Amino acid sequence: MAVFKKADRKLEYAEGVEGGKGIMIRDRCELGDKVGGICTYMVCNSLEPGASIGEHTHTGETEIYYMVKGKAVLVENGTETVVEEGDVLYCPNGGTHAVRNDFDELVSFVVVIQKVEE
């Protein structure tokens with residue numbers, strides 16, 4: 001079993017991710033070929049209150065979120081859904097979505113992106 005130590009990663013602070021607003025804090029573990037090449041990376045993202053990830057489309061990959069802390073608004077193909085701790089979200093290949101933190105506390109979620117096998 002591979003171990004990717006927290007001490008070997010740096011937190012990233014990204015502003016305006018995918019055209020969104022505010023700051024997203026990213027604890028990213030680049031996986032690539034380290035785990036067989038299907039899973040490109042996993043990350044724990046956090047959005048400060050008022051921050052968002054803008055609308056974007058996943059092409060050639062799928063994305064899974066596991067909501068760790070707080071609440072957010074998922075916008076998927078124009079439909080808004082409040083998601084919270086313990087919820088699991090799935091974006092299929094070709095799916096379009098955005099995420100907003102419209103609440104008063106930090107929201108955190110683990111993201112796993114996998115390449116679609118051809």
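**Exercise 1. Find which strands each supply at least two residues of the lining of the largest pocket.**

*Solution.* Start with the strands themselves: strand 2 (23–30), strand 3 (39–47), strand 4 (52–57), strand 5 (61–69) and strand 10 (107–115) each give at least two residues to this lining. Strands here are DSSP runs of E with at least two residues, numbered from the N terminus. Before going on, know that this is a predicted model, where local features need pLDDT of at least 70, side-chain atom pairs count only at pLDDT 80 or more, and totals for chains, interfaces and linings use all residues. Residues are numbered from 1 along each chain as its sequence is written, and side-chain values use heavy atoms, with hydrogens and water left out.

Next, ask who gives the largest share: that's strand 5, with three residues.

Now the space itself. The largest pocket holds about 170 Å³. Of its 14 lining residues, Val17, Glu18, Tyr41, His56 and Glu63 are closest to the centre. A pocket is found on a 1 Å grid over the protein atoms alone, with a 1.4 Å probe: it's an open set of points with protein on both sides within 12 Å along at least five of seven lines, and lining residues have an atom within 4 Å of a point. The volume is the space filled by probe spheres set on the points, which are joined across faces, edges and corners.

**Exercise 2. Work out which parts the aromatic pair ties together.**

*Solution.* First, count: a search of the whole structure turns up one aromatic pair. Tyr65 and Phe109 make it, stacked at 4.7 Å centre to centre with 25 degrees between the planes. (Rings of Phe, Tyr and Trp, the last by its six-membered ring, pair if their centres lie within 6.5 Å; planes under 30 degrees apart are stacked, over 60 edge-to-face, the rest tilted.)

Third, check burial. Tyr65 is buried at 4% relative accessibility, and Phe109 is buried at 0%. (Buried is under 20% relative accessible area, exposed over 50%, partly exposed in between, using a 1.4 Å probe and protein chains only.)

**Exercise 3. List the strands that pair with strand 5 over eight bridges and over four bridges.**

*Solution.* Take strand 10: it runs antiparallel to strand 5, with eight bridges joining them. Here Glu63 stands opposite Ile113. Then take strand 8 (residues 88–91), also antiparallel to strand 5, over four bridges. Tyr66 faces Val88 there. Two strands count as paired if DSSP finds at least two bridges between them.

**Exercise 4. Say where Glu18 and Asn77 are found, and whether each is exposed or partly exposed.**

*Solution.* Glu18 is in the loop between strand 1 (12–15) and strand 2. Its phi is positive, about 55 degrees, although it isn't a glycine. With a relative accessible area of 47%, Glu18 is partly exposed.

Asn77 is in the loop between strand 6 (71–76) and strand 7. Asn77 also isn't a glycine, and its phi is positive, near 50 degrees. At 58% relative accessibility, Asn77 is exposed.
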